[in-house]
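Visitor: I've got the coordinates open and I'd like to know what the labels rest on. Can you walk me through it?

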Amino acid sequence: MTNTTFPALGLAEPLLRALETRKFTIPTPIQADTIPALIAGKDVLGIAQTGSGKTAAFTLPILQHLAAQSFRAAPFVARALILAPTRELALQIDETVRALSINLRLRTVVIIGGASRFKQVEAMRRGADIVIGTPGRVCDLMQTRELQLGAVSHFVLDEADRMLDLGFIKDIRRIVAALPSKRQSCLFSATMPHEVASLANSLLREPIRVEIARAEETTPKIDQFVHHLSQSGKQSLLLTMLGDPVLSRVIVFTRTKHGANKVAGVLENAGIQVNAIHGNKSQPQREKALRDFRTGRARVLVATDIAARGIDVTGISHVINFDLPAEPESYVHRIGRTARAGAAGVAISFCDPSERVILRQIERQMNQTIAVVGDAPPPMTSQPKRPAAPGQAQRRRYNDRSRGMRSAA
Ligand code: AMP
């Protein structure tokens, strides 16, 4: 959080009232840096993750600009376009946009796959001040001219790195080609590999670069632990852990959809309220799963990486990596689901012998060692060197934070 205030950032009164209603009192660092730049009409390259407050950072200036212009969008025409990599993220952005525009008369339309195309076209018939969409469906409606981007004055590409991971580059290029060259653009990405940097170069004009510290520096309140065990021991350890009510709102990550279903089935049989969320679930199923989790009707959400991307649920007490992710960067995204907006959180990973290599990569990338609970792992190589046993202090912290898991540890 910062020393500045929202009025000091130059936001108009209807937005300040909406922020008050939403109980956002102090701008986050990304908001403090991004909002004045965007209000001044600059392009922005933001290096920030979900959890940083980036959605409000790009939404507020767009709302301010759109509200200041008195014309309305013609049928099938969009005035602003926000692209997100996943449906869930698009819906979350929509939620934020609606909350922050509550005192303005602006029309928002969500254009995502897995939902009724017909309804989206009907909504576009009245024009849209803001379209929030995923690349595939946006391209689809563009082709039939049921979404026209020639008047877009504001463009946001959110989670650009994930967009590229998901293979959306062609769709993005097609969409950008349909935008007017005179526009304000911003691109947000958690990481800045070469491909994202070159995409940013082609989209942005003399951008202001806004960077907040990476997750490992901004999430000091996430306590991280790892259990070394066999693959076959994972289910029973998970059940033992969930015997403790301290694990009140838990995301369990698996590497595959099949794995997610399997774990959810085991938990359900044990009487635990659980839903699974992954790419094979329909949009209504995903929305229900998220709603149940958000409202506390389901205590556990079992998810794959892509499905969980951008999930914004506050109060997640524990993230459990039932399987370690294939990519070290996903680990950072996963554990970032807990400890949102300043709350504390715990991330626990299960690591079987085949996952030790990935664990090492994760530790190397984060430049930190994850505390081992339970048995120290056997050595990885034939070298007789044993990894350091967990420090007494680390063990105590884990047990303090997660009473009742002692038996598991
Ligand atoms: P985001 O990074 O946009 O996904 O936002 C992460 C979370 O922080 C969301 O739950 C937001 O509602 C919340 N948030 C964003 N800005 C603020 C703020 N200035 N004060 C408190 N919470 C915020």
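**What covers helix H6, and other labels**

Guide: Let's start with the cover over H6: its buried residues are covered by, among others, E2, strand E3 (108-111), helix H5 (117-124), E4, H7 and helix H8 (169-177). Keep in mind that this is a predicted model.

Visitor: Which residues of H6 are the buried ones?

Guide: Pro135, Arg137, Val138, Cys139, Leu141 and Met142 are buried in H6. Leu141 also turns up in a nonpolar core of 34 residues, along with Leu83, Leu149 and Ala160, among others.

Visitor: What comes after H6, and what is its phi?

Guide: Arginine 145 follows H6, and its phi is positive, near 65°. Arginine 145 sits in the loop between helix H6 (135-143) and strand E5 (154-157).

Visitor: Why is arginine 145 called exposed?

Guide: The cut-off for exposed is over 50% relative accessible area. Arginine 145 is at 54% relative accessibility, so it counts as exposed.

Visitor: What is the phi of glutamate 159, and where does glutamate 159 lie?

Guide: Glutamate 159 has a positive phi of about 50° although it is not a glycine. Its place is the loop between E5 and helix H7 (160-165).

Visitor: Is glutamate 159 buried or exposed, and how do you know?

Guide: Buried means under 20% relative accessible area. Glutamate 159 has 2%, so it is buried.

Visitor: Why is leucine 187 called buried?

Guide: With the cut-off under 20%, leucine 187 has a relative accessible area of 0%, so it is buried. Leucine 187 belongs to strand E6.

Visitor: What is leucine 187 in contact with?

Guide: Leaving aside neighbours within four places in sequence, the contacts of leucine 187 include Val44, Leu45, Gly46, Leu157, Ala160, Met192 and Leu204. As for leucine 204, its C-alpha atom is separated by 7.9 Å from that of leucine 187, and the two are 17 residues apart along the chain.

Visitor: How do you know that E1 and E6 are paired?

Guide: Pairing takes at least two bridges between the strands. Four bridges join strand E1 (residues 44-47) to E6, so the two count as paired, and they run parallel. Isoleucine 47, for one, has serine 189 in E6 as its bridge partner.

Visitor: In what order do the strands of the open sheet come?

Guide: Seven strands form it, in the order E3-E4-E2-E5-E6-E1-E7, with parallel pairing.

Visitor: What makes E3 and E7 the edge strands?

Guide: E3 and strand E7 (208-211) each pair on one side only. On average, neighbouring strands in this sheet are turned by 15° against each other, direction ignored.

Visitor: Which strands does H2 lie across?

Guide: H2 lies across E1, E6 and E7, and runs at about 160° to E6.

Visitor: How many residues does the largest nonpolar core have, and which have the most contacts inside it?

Guide: The largest nonpolar core has 38 residues, and Leu60 and Ile82 have the most contacts inside it. Elements giving two or more residues to this core include helix H1 (13-22), helix H2 (29-39), helix H3 (54-68) and strand E2 (78-83). H3 gives the most, with seven residues.

Visitor: What is leucine 60 in contact with?

Guide: Setting aside neighbours within four places in sequence, leucine 60 is in contact with Phe6, Leu11, Leu15, Leu19, Ile35 and Leu100.

Visitor: How do you know that both faces of strand E10 are covered?

Guide: In a regular strand the side chains alternate between the two faces of the sheet. In E10 (residues 274-277), Val274 and Ala276 on one side and Asn275 and Ile277 on the other are all buried.

Visitor: How many bridges join E10 to E11?

Guide: Four bridges join E10 to strand E11 (residues 300-303), and the two run parallel. Alanine 276 has valine 302 in E11 as its bridge partner. With helix H13 (residues 283-295), E10 and E11 make a right-handed β-α-β unit.

Visitor: And the chain as a whole?

Guide: The protein chain has 17 helices and 14 strands, and buried residues make up 56% of its 409 residues.

Notes
Residues numbered from 1 in each chain as written. Predicted model: local features only at pLDDT ≥ 70, side-chain atom pairs only at ≥ 80, totals over all residues. Heavy atoms only, no water. Core = buried A, V, L, I, M, F, W, Y, C linked by side-chain atoms within 4.5 Å. Buried < 20%, exposed > 50% of the residue type's maximum accessible area, 1.4 Å probe, protein only. Contact = heavy atoms within 4.5 Å. Right-handed = clockwise from strand over helix to strand, strands pointing away. Axes fitted to C-alpha atoms, helices over the stretch in contact; angles between N-to-C directions.
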